[in-house]
Amino acid sequence: MSTIAADARLATRASSRAHSSERLRRYLRNLGTFVLSTVIVVWTLAPLYNMVLISLEPEGDVFTDHIWPRVPSVESFWGVLTQGHWYLEHFWRQFANSLYIGLMVTFFALLFGTLTSFAIGRMRIRHGWLVTNAALLTYVIPASFLAIPFYRIMQNYGLANNPWSVIAALVAFATPYAIFVFQEYGRSIPIEVDESARIDGASPPQIYLRIYLPLMAPALVAVGTYALLLAWNEYLYQFLLLSSKANMTVPVALAQFLSSDQSPWNYMMATAIIYAAPPVAIYYAFRRRMTAGLTMGGVKG
Amino acid sequence: MNGTSVIDVGRPAIRRRTLSRSLRGGLKGGEYTWAVAFVVPYIAVFLTFVAYPVVYGLWMGSEASLYRELFADPIYQSTVVNTILYLALGVNVKMFLALLLSGFFMRPGWWMKALLLIFVLPWAVPQISTFISIHWMLNGEWGFLNNVLYTLFHIEGPSWLNDRWSALGAVIVSHIWKWTPFWTLILLAGRMAIPLEISDSAKVDGATGMRGFVHITFPLLANLYLICTLLSTIFLLGDFNAVNFVSGGGPANQGHVLATLGIRNAFEIAQPRLGVAAVMSALPLVIPLVIVLMRKLRTSEVQI
């Protein structure tokens, strides 16, 4: 130990001339970090600040040129919450629609995803890879490319302006990701667990309910969050398939504001913030689980 | 299960039994039925809501005359140019920034952790909210950007969204703003997965800084980077929201990409077949991408 310390002292003395340049380098490095951090913060927050700024303007004060709220007012938030503007007369109804669609999509994506990955990954059904490939294919097809035929089909089925048409589309697009994550996560659970239960006489549904689902809980949370946010944030299918004001969801209602040039921008931004609050809260609450889900199974590269 | 089909009639019973056994894998009768019952819901969803629309779309866009009409349309021609620019710049600038920033966020300290929390906000906030905000920010008269330019520098900013190229630029920048955090997190996870022994021994061998990146980090990240780039290409090709809300395909329909032009043709000018044709004209790019991605995703077990 003492020789090492002595060596280190010697080394420091030898490099005393290099010391000041080392300090300069560290100073520059810190300065660089600081400048880059500032740029990142400004860049990231600018559009969000703009949202808050406009939502705090009293009505009529939106068309001005200041860059901070002169007389901050929560009037527009109050207007949204009390459905005080004619654009917002169904706000809570639309909020409930968004929530309903989100919860249904989450439920069915989790149900179909776990059932499928249980049959493929745990019961090892023959030709399971075909189903995995179908899921993979769905994952890489852009959803917006299927919107026109999907709309036509839903009209033929008489499901236009019905929330279940949106739920069907979103379940179809959310389940593939669920299947991947569940299969990947399921690999960490030894198959012997299932086998011993089978020898004890448990039927497949019992193994699924009593053993598989409880062990999969972390993956269920990650995928559930993913599906809920996917449905809450989705726009195109909801816009095409839900036409009446009573059946609309919040993002579609929000886009309706843009239809006129004289939009009440403060109400619009207040709505945008209220609409964004639940997903942001969920995101930060489940952040670790979400990122675990994103990279689950390792980004092995 | 539905009785014997015509093909089965007359075949020796024994062959049928081995065939059915090979279909079942190692599962016994009752268990096999359960396993089938478990996969049937997803297969039904896939066939009804993915496969059927795909086939229906292919049928809708199968007439050659549609494409003659489409290719002659000047709006379509500018759309193709926009789509190529959007893909080339949107994907590559974003992925390159994500690669650099993921290295930046590897630095230790509470400051980096706090910064990362702010940095991921664009990803956490819904697209519609932020793109609408950006749209208003870029308003020529009352937008926040021009207000800032005027207040700080006394510059009269232009009407960003009234010019084709600056509108397209705004869309690309919005896309980069929205999605860089997501890909940074993915690449950050990829960097974290590199075993410490490798980077440590590389440092001992003198591969620090740029050399460490070129010879150690990037080769290990290259496959992940490639997959992310391909995935992001296909996601961006299908992106409707950024274009629709930031520029609205404007000015004067000069700013569309294929995804928004398809919807515009189908629902604004009520020519759904022309809309499908616009989307289908991306197939020469989509099909190879899908094939490569399916192979890559299956073999390397990268999941996003």
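**Helix packing and chain contacts in a predicted two-chain model**

In chain B, the residues B:Y86, B:L87, B:G90, B:V91, B:K94, B:M95 and B:L99 of helix α4(B) meet B:Y225, B:C228, B:T229, B:S232, B:T233, B:L236 and B:L237 of helix α11(B). Sorted by class, the residues of this contact are nine nonpolar, four polar and one charged. The model is a predicted one, and the geometry described here is computed from it.

How do the two helices lie against each other? Helix α4 of chain B covers residues 74–104 and helix α11 of chain B residues 209–237; they pack at an angle of about 140°, and their axes are 10 Å apart. Because angles over 145 degrees are needed for a roughly antiparallel pair, α4(B) and α11(B) count as oblique to each other. Their crossing is right-handed.

On the α5(A) side, the contact is made by A:T132, A:A135, A:L136, A:T138 and A:Y139, and on the α7(A) side by A:A172, A:F173, A:P176, A:Y177 and A:I179. Eight of these contact residues are nonpolar and two are polar, with no charged residues. The crossing of α5(A) and α7(A) is left-handed.

Also in chain A, helix α4 runs over residues 91–122, a total of 32 residues. At 1.5 Å a residue, α4(A) should span 46 Å, and the 45 Å between its end C-alpha atoms agrees with this. Just after α4(A), the residue A:R124 takes a positive phi of about 55°.

Turning to the two chains together, 80 residues of chain B are in contact with 78 residues of chain A. Which helix gives the most to the side of chain B that touches chain A? That is helix α2 of chain B (residues 29–60), with 18 residues. By class, this side of chain B comprises 59 nonpolar, 17 polar and four charged residues.

Note on methods:
Residues numbered from 1 in each chain as written. Chains lettered and ligands numbered in written order. Predicted model: local features only at pLDDT ≥ 70, side-chain atom pairs only at ≥ 80, totals over all residues. Helix = DSSP H or I, 4+ residues; strand = E, 2+ residues; numbered from the N terminus. Expected span 1.5 Å × (residues − 1). Contact = placed C-beta atoms within 7 Å. Nonpolar A, V, L, I, M, F, W, Y, C, P; charged D, E, K, R; others polar. Axes fitted to C-alpha atoms, helices over the stretch in contact; angles between N-to-C directions. Parallel < 35°, antiparallel > 145°, perpendicular 65-115°, else oblique. Left-handed = near helix turned anticlockwise from the far one by under 90°.
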